[in-house]
Amino acid sequence: MNDAGTKDQERPEHGRGGTYTVKGQEFVRDSRYITTRITRDGADGYPVEPGRYRLIAARACPWANRAIIVRRLLGLEDAISLGLPGPTHDERSWTFDLDPGGKDPVLGIERLQEAYFRREPGYPRGITVPAIVDTRDGAVVTNDFAQITLDLSTEWTAFHRDGAPRLVPDDPDERAEMDSVMRRVYTEVNNGVYRCGFAGSQEAYDAAYARLWTALDWLEERLATRRYLMGDRITEADVRLFTTLVRFDAVYHGHFKCNRNKLSEMPVLWAYARDLFQTPGFGDTVDFVQIKQHYYVVHTDINPTQIVPQGPDLSGWLTEHGRDELGGKPWGDGGTPPPPVRDDERVAPGHNPLYPAEA
Ligand SMILES: N[C@@H](CCC(=O)N[C@@H](CS)C(=O)NCC(=O)O)C(=O)O
């Protein structure tokens, strides 16, 4: 038994942290994280300090994509730098194979594992993204993906851009409702697609499939009358749902067998997802090429040939969505959209319909 009271033998040889199939079993995510927080009061030893921390967030990963979106919506690019490992990782770790010399230019490391080992030698769990690294000692501060984005909203306020949206409501009732929506979105949708994809038995898959579609039908209904999940403005809940929806037809429909229908066949959810995709800060962070490479190449247990499919056609993401008819103030009172993506953080041409391949 390990420190969380679970059996280490359930972890496969290849060391993947949370995502793999165990034959005969339901997929259960390993949700033990490094939960140190970066806060204004520095209670955990890590005070908010611009220029000190580096967010490591592969574009392929939905949990990391959340952090990239929130950082951009809030305008924290100057306060927290961004490191981007390539789309695939081997049995040991994510690597900085896209960077010159194969090393992260700030941390000087080839593998994210090195930053985890600086925090805890021999770190035994998954080397996951997103992770925030302290550039002073090169050690991971946190990989607690759910807390990371909430803290960007609530602890880093002094460094938000002018016009940044309030992604986490101040009103306690609204916050409680958002937390409840996010809980359901997490268990049934964000993690629900993985539960389908990594089901280790027919029964587990059947149950996972039913749960997922029950939740997607609920969302289709909820969003029919609300422009965003919490009403008339964008919140953290939308960021969390978006990162799963944007991957749906490209990977979850086929690779994870979430195939009752495509996202593009659910009129409300598809229009909602396109609305967000076309909103600055959302679609402009998405790299469909890396997303497909990641899932189809890394998950050899469910795609042993590692063949990456050509489709689907992504041009639909830019079609009119008509959601403006529902009204709403996407950025809230006094809020404004973020400025265009900085040059050094742009998704590669041809990897996203917003950035066509150069002729
Ligand atoms: N929510 C995730 C955290 C993020 C996560 O799973 N990221 C994946 C990529 S999408 C990852 O880093 N996987 C590497 C690994 O599991 O070793 C979890 O439950 O662990």
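Biologist: I would like to begin with helix α3. How many of its ten residues are buried?

Modeller: Seven of the ten residues in α3 are buried, so the helix is mostly covered. Buried means under 20% relative accessible area, exposed means over 50%, and partly exposed lies in between, using a 1.4 Å probe and protein chains only. Helices (H or I, at least four residues) and strands (E, at least two) are DSSP runs, numbered from the N terminus. A word on the source: this is a predicted model, where local features need pLDDT of at least 70, side-chain atom pairs count only at pLDDT 80 or more, and totals for chains, interfaces and linings use all residues. Residues are numbered from 1 along each chain as its sequence is written, and side-chain values use heavy atoms, leaving out hydrogens and water.

Biologist: Which residues of α3 are buried, and what covers them?

Modeller: The buried ones are F145, I148, T149, L150, D151, L152 and S153. Their cover includes α1, β3 (131–134), β4 (139–142), α4 (172–190) and α7. Contact here means heavy atoms within 4.5 Å.

Biologist: Where are the domains in this chain?

Modeller: Domain bounds come from an automatic or database domain assignment. Here they give domain 1 (12–159) and domain 2 (172–345). Their contact takes 37 residues from domain 1 and 45 residues from domain 2.

Biologist: How do I read the size of an interface?

Modeller: It is often given as the accessible area lost when the parts come together. Buried area is that loss with a 1.4 Å probe, summed over both parts. In this model the two domains bury about 3500 Å² between them, with 55% of it on carbon and sulfur atoms. R59, R72 and L73 supply 21% of the area that domain 1 buries against domain 2, more than any other three residues.

Biologist: How many salt bridges does the rule find across this interface?

Modeller: A salt bridge is a side-chain nitrogen of Lys or Arg within 4 Å of a carboxyl oxygen of Asp or Glu. Across the interface of domain 1 and domain 2, the rule finds four.

Biologist: Which elements give two or more residues to the side of domain 1 that touches domain 2?

Modeller: They are α1 (62–74) and α3 (145–154). The largest share, ten residues, comes from α1.

Biologist: Let us finish with one residue. Is T244 buried or exposed?

Modeller: T244 is buried, with a relative accessible area of 1%. This residue lies in helix α7 (residues 236–252). Leaving aside neighbours within four places in sequence, T244 is in contact with V189, N190, V193 and Y252.
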